[in-house]
Every structure is written in structure tokens, then in C-alpha cells.
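Let's walk through this fold together, strand by strand and then charge by charge. Have a look at it first.

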Amino acid sequence: MSAAHPWMPVSPCGDGCVDHSTATVGAVRVAWRVFAAATVMLCGALVVLAVLCVRGPARSALLRRWFRVLVRAFGVRLRVVGPVFQDNPGRGVLVVSNHVSWLDELAIDAVQPIRMVAKRDIRDWPVLGRLITAARTVYLDRERLSQLPGTVAELAAALRDGAAVGIHAEGTTWCGVASGRYRPALFQAALDAGVPVRPVVLRYLQGATPSTRPAFVGSDTLVGSMRRVLRARGLVVEVHVLDEVAPGRASSRRELAALVQRESERVAFGSVEVPAPRVHVVAAPVA
């Protein structure tokens with residue numbers, strides 16, 4: 001499908017990027033995961049009601065726990081490398097990550113629920129769309145450039161109010177072993193609000209090997225991608241939380257985007273090893 005306008009993010013990753021030969025689990029384990037994930041998602045309706053009734057740390061803790069249980073229900077282990085996204089809860093921060101899969105939002109919110117910028121289609125996903133919306137997601141119609149200044153202004157206002165706001169800087173999904181150019185437009189919100197940027201790198205592994213099985217690319221449907229994840233053996237999502245890029249280190253959104261991408265690629269492509277003591281694995285009692 002061609003881009004709606006010349007600036008529309010386009011990824012060359014397609015069906016051929018997805019490795020179907022990696023280790024899988026048996027039918028019984030898949031059935032259990034389907035049951036567990038469906039149960040957790042159905043319980044999401046109660047979570048939506050609960051988050052409307054609570055505020056502050058209690059709301060964040062409830063959402064974080066639910067997303068962690070959901071990630072584990074799909075058979076995926078969450079490994080967090082580094083600090084939380086927002087060291088100072090009263091100061092806004094722009095959280096910038098790469099984009100591989102529909103699992104990305106779940107993994108990010110399992111570390112710390114934040115306001116994500118996502119494509120408009122996600123709002124219509126069954127159950128998941130409601131939960132992601134309940135986390136105060138900002139939806140962006142990538143085909144309508146006229147809405148972009150308003151989105152930037154909305155994000156800058158949220159950042160000034162002390163919110164943690166997340167964006168997928170490539171603007172579209174890649175397979176996980178390659179990445180695209182970080183688009184600068186939404187970085188303007190951090191400059192306008194005078195807040196730091198927190199680079200985050202998402203990596204999917206089976207054993208010690210990078211895996212493209214969770215990638216949501218090409219002609220993929222959400223159901224088809226979910227099936228691949230449910231069948232995967234030993235799938236881990238690593239969330240690498242890097243050091244903040246302080247305000248003032250870049251004078252323009254293009255310079256800021258390039259700086260954050262350089263920092264992220266040092267981890268994404270293995271040129272920097274993060275010390276083991278900072279790593280912890282988040283588990284939940286659902287297999």
C-alpha cells in the first residue's frame with residue numbers, strides 16, 4: 001500500500017522478515033495461554049472501571065500490574081534493564097522507543113503506565129483498545145498532517161503538567177533486527193515543554209537470539225501476530241531504559257531525534273553492554 005503523503009513513515013519490513021522456524025510450544029500450552037490471555041483481557045473491563053475511580057500512585061500500580069499479568073499470560077517474560085521512565089514524578093519526560101510489535105505498548109505500560117501516542121487503528125482493537133485508551137493514549141492519524149501541530153501542542157501541555165508521554169519515534173513498525181529513522185516532528189513537544197527525553201529500546205529474544213516472531217509487519221493481522229506469539233517458546237521482551245537526554249543538549253527537533261537515535265542504536269545493535277546488576281526479570285503467576 002502506498003503512503004498517503006510523501007512524509008508518511010514507511011517500513012521495508014514485510015512478511016519475509018518474520019522467522020517462523022524458531023522454537024514453539026505444544027498445543028496444550030498454546031490452549032492454556034489462550035485461556036489465560038482471554039481471562040486477563042476480560043478482566044480488563046473491571047480494570048477500566050477501577051482506574052476511573054482511583055488516582056495517583058494507586059491508579060498507576062493497578063494498570064502496571066494488569067499489563068504485567070497480560071504480558072505473561074501471552075507466554076512472554078518481561079525483562080527490564082535500567083531505572084523507571086520517570087525519576088521525578090513531578091517532572092514531565094518524553095519517552096522515546098523503537099516500534100516492533102503490538103506487544104510494545106503492553107511491555108511499556110508494564111514498566112510504568114504512561115500516555116502513549118499511537119496510531120488511530122489501535123483504538124478499535126477488541127478489549128486491548130479500551131485498556132490502552134484508559135491509559136490516556138493520544139491517537140494520531142498519520143494520514144492527516146494537518147492534525148500534527150495540535151498533537152504536538154497537546155503533548156507539550158501534558159509534559160508541562162508533569163506527565164510521562166511515550167512515542168514510537170520511527171512512526172511505524174520494523175522487524176526488530178533493523179530500525180528506521182527517528183522522525184523529528186513529535187520531539188518538538190519536549191523542546192517546547194523544556195523537559196528531558198528518555199530513550200527506551202525494545203528487544204525481543206528467544207534464548208539469547210533476537211527474534212522477529214513478535215514483529216507486526218507486512219500483511220500481518222492482529223490475530224495472526226498474536227498466534228505467533230502464543231506459540232513461541234521462551235520469548236522475552238527486554239525493555240532497556242537509557243539515561244535521560246537533558247534539555248539543552250539539542251537546539252532543534254532534528255538534532256534531538258538524531259541524538260536519541262544514536263543513543264538507542266548503541267544498545268539495540270549490541271555495541272554497549274548494560275551491567276547485569278541493573279537487570280531484573282518481572283514474572284507473574286500465569287504461564
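Is arginine 203 buried, partly exposed or exposed? Arginine 203 is partly exposed, with a relative accessible area of 24%; buried would mean under 20% relative accessible area and exposed over 50%, with partly exposed in between (1.4 Å probe, protein chains only). Before going on, some ground rules: this is a predicted model, where local features need pLDDT of at least 70 and side-chain atom pairs count only at pLDDT 80 or more, while totals for chains, interfaces and linings use all residues. Residues are numbered from 1 along each chain as its sequence is written, and side-chain values use heavy atoms, leaving out hydrogens and water.

Arginine 203 sits in strand β6, and nine of the ten residues in β6 (197-206) are buried. Strands here are DSSP runs of E, at least two residues, numbered from the N terminus, and two of them pair if DSSP finds at least two bridges between them. β6 pairs with β2 (residues 93-97) in the parallel sense over four bridges, with serine 97 opposite valine 200. With β8 (residues 235-241), β6 pairs in the antiparallel sense over seven bridges.

Now for the charges. In β8, glutamate 238 is the bridge partner of arginine 203, and their side chains also meet in a salt bridge (3.4 Å, N to O), meaning a side-chain nitrogen of Lys or Arg within 4 Å of a carboxyl oxygen of Asp or Glu. Glutamate 238 counts as buried at 8% relative accessibility. The side chain of glutamate 238 meets that of arginine 79 in a salt bridge too (2.9 Å, N to O); that pair links strands β8 and β1, 159 residues apart.
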